[in-house]
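Subject: Handover of a structure and summary of findings

Dear colleague,

Please find below the structure that I am handing over to you. A summary of the findings follows it.

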Amino acid sequence: MKGKSDYLSLYIDKTGVCKYIKCNSDAFGEIIDTKEIEGKDLKSIFKRSKFSETLQACYDSSDHGKDFCEHMDVHQYVHYLISFQPIESQEVSLIITIRLSDISKKIDLLKNNFESALSQSKVGLWVWYDMANDKSWWSDSFLNLLGYSRDEISPSMKAFMQLIHPEQKEDFIDRMRVLYSAADRYEEIEEKRRVEFKVQTKQGSYIDLLFTVNPIKNEKNELIKFSGTVVDIGQMKIIEEKLLKSETTLHLALDAANMGVWSWDITKDQIFWSNQVLDIFHIKKDDFKGDFESYLNLIPTNERNFVANSIQEVLKNGSEEFSFEHSIYIPTGNKKIVFCKGKLYRDEQDVPHRMTGVVIDVSQENDLKAMLGQTKGKYKSVIESMVEGVIILDKSGKIIDHNKAALLIIGYEDLELIGNDLTFGPGKAIKEDFSLFPYEEFPGTKTLLTGTPCKNVTLGWVKPSKEIIWLSINSEPVLDENGALIAVVCSYFDVTERYNSIQDLQVKNRQLEDFAHITSHNLRSPISNLSILLDYFEAAKDETERKEYFSNLKHVSNSLLSTIQVLAEALKIQRDFVDDEIELSFQETLDSVLGLLSGQIKEANVAFEVDFSKCDKLFYSQTYLHSIFINLISNAIKYRSPQRETIIKIDSYKSDNGKVVLKISDNGIGIDIEKNQHKIFGLYKTFHANKDSRGVGLYMTKRQIETLGGAIFVESKINVGTTFTIIF
């Protein structure tokens, strides 16, 4: 059954005015504005119509509507059948009918089927059909590639240019200029028929699209439009990049290994050599004829029969894989040793038809073997008599020889090192901070990479027994007669005793510095306290006050004498000045310090809130704990706020992991943490304009705490106060 046809009929009177219309479809909306036809004369309708020339031509050919006329008009793949039918009627003299042709219906059907196939294959179509007004048509499959629906974007060259990647817009504009300028010589466009662009999708990402351009001319040979295809080549790009990367990696690997690839078509006697093979043989591509005889001629006469017989043996016995070595002489006259390895392939009739394989330049390896073979007897007795460990590496980093000391020093008596690299075995190399020593920083590795020696590199070594020793390592390159690296000799010896002595010396030097700081800093507060108490004693109003101040003076004097005696005893101890850790009472230590600072406490009218109920004792250095209390309490008094009574809170407790924690807080003027974070614990660093500030106390406190494995933290707010937290 034939489908219903879409039509639009205009009923024209004798004066040429459209009286009324009949229409059964909105398919003509882009051709004529059907809402403004009625009451208009034909000339007005023609002018406003997108195919006015066709209507005017039909009108003229029908003798101005007196004869029947029919014409086919094509607009952007849509076919319209236009007919002029004169009639005899009082109101109407002419009926102009526009029908959507059956051809268009078939094209739509084909287009739908084609669009489905295009969408699945990620191919789109485009037409730039109105260059003057910049109007284009994009297929649904093209829109799908960009992620747009048809009502979300108006196709045009301007719209497309907005989607081009910014880095490619200039190239796009240049191409557009060519299109515009080549309207009458479109053959120039041939060079730019295929172009790749990165285009932005609706989601904002960029995809790689390949565009083809085809110019279309009219019967007058004029360029009227462009059409083409668009293909998503993103996956192809990824594959291309991977192939390029793989090819580059392969070439690098082949070059690094002095290896080349070859193939021999046995039936045609054609040999293919990669560039690496040509380089190994030191010949140019044009100088090699590419047959088996030419290959044999490159081999010394005394070895040719061996190579030829080896190949014939493979062909005869049908061995799939084979390998052999032979020598060659390069143009400079030097001799090379090459290792050939290949595989035989047979056709369907089981006849050998192809060999493929690799060629490796093993000259240096053979030179090294020869050198070692000649000198082994000489050097073996020498290195075996050495107390240092000696290890010899080939240029790939494998151990090819060592002496017994090399095993004994690192605790590898029962292991075989030859054939392994420097990372072999359960031992670990460490830095001074006990982090792992990277393999690429090993002296032997550095010499392999750079060809230069490394001297006196110290690293720690954790033996399989978990004992830690310290080694001093040297590495030297071994070069051939041409200056090429062929091996590396590493030697090392145990410097643990010397290393520990240096570390002990550094600790003692640091502790002597601490001793000097403690002596000067910790004695300054009690002496200052004596001065204050003497001032109070002299200003006393009666004998009772004098007795009280004298008692305080006596207590401070005794405490000061005790402190001096402790420091003197510490100075006598040669290993360090820190006394042994003993069980100490927080409260007793605090009472002693408060006695020493009683003058300052009284002068500043300081109140204390103390709570040692959660943890009242700890094992620690009496000298250090005494110093910590003096420094932190002195600081709290020194940097008190003049606007309020000074309150110092002290408490202690145990953390979740069993550590003893001490907190000392004040309500003083505080510290600008953000501004002074880097210098709070710095030596001679001050952050208040206090004439008594020396910048030593907090530095010394931190050093003392960290020396015994603890840590100190500070929290503070300006005009609120400061809290020091010590974790012992």
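In what follows, a residue is called buried when its relative accessible area is under 20%, and exposed when that value is over 50%. Please note that this is a predicted model.

By that cut-off Trp470 is buried, since its relative accessible area is 5%. Phe434, at 54% relative accessibility, counts as exposed.

Aromatic pairs

A pair of aromatic rings is described by the distance of the centres and the angle of the planes. The structure holds 24 aromatic pairs. One of them joins Phe434 and Trp470 in an edge-to-face arrangement, with 6.4 Å from centre to centre and 75° between the planes. Phe434 belongs to the loop between strand 19 (428-430) and helix 13, whereas Trp470 belongs to strand 21; the pair therefore ties together parts that are 36 residues apart in sequence. Phe437 and Phe442 also form a pair: their ring centres are 5.8 Å apart and their planes stand at 35°, so this pair is tilted. Phe437 counts as buried at 12% relative accessibility, and Phe442 is buried with a relative accessible area of 11%. Elsewhere, ring pairs link Trp138, Phe142, Phe160, Phe172, Phe197 and Phe211 into a cluster.

Helix 13

Helix 13 spans residues 443-450, and its buried residues include Pro443, Gly444 and Thr445. Thr447 and Leu448 in this helix are buried as well. Which strands are included in what covers the buried residues of helix 13? They include strand 17 (389-394), strand 20 (454-462), strand 21 (468-479) and strand 22 (485-494). After the helix comes Gly451, which has a positive phi, near 75°.

Strand 14 (residues 321-329) and strand 15 (residues 335-346) run antiparallel and are joined by nine bridges. Within this pairing, Phe324 stands opposite Cys340 of strand 15. Five residues lie between the two strands of this hairpin, where Gly333 adopts a positive phi near 95°.

Strand 15 also pairs with strand 16 (residues 352-361), in the antiparallel sense and over nine bridges. Here Phe339 has Ile360 in strand 16 as its bridge partner. The hairpin of strand 15 and strand 16 has five residues between the strands, and Asp350 takes a positive phi near 65° in it.

With kind regards

Key. Residues numbered from 1 in each chain as written. Predicted model: local features only at pLDDT ≥ 70, side-chain atom pairs only at ≥ 80, totals over all residues. Heavy atoms only, no water. Buried < 20%, exposed > 50% of the residue type's maximum accessible area, 1.4 Å probe, protein only. Helix = DSSP H or I, 4+ residues; strand = E, 2+ residues; numbered from the N terminus. Contact = heavy atoms within 4.5 Å. Pairing = 2+ DSSP bridges. Phe/Tyr/Trp six-rings, centres within 6.5 Å; stacked < 30°, edge-to-face > 60°.
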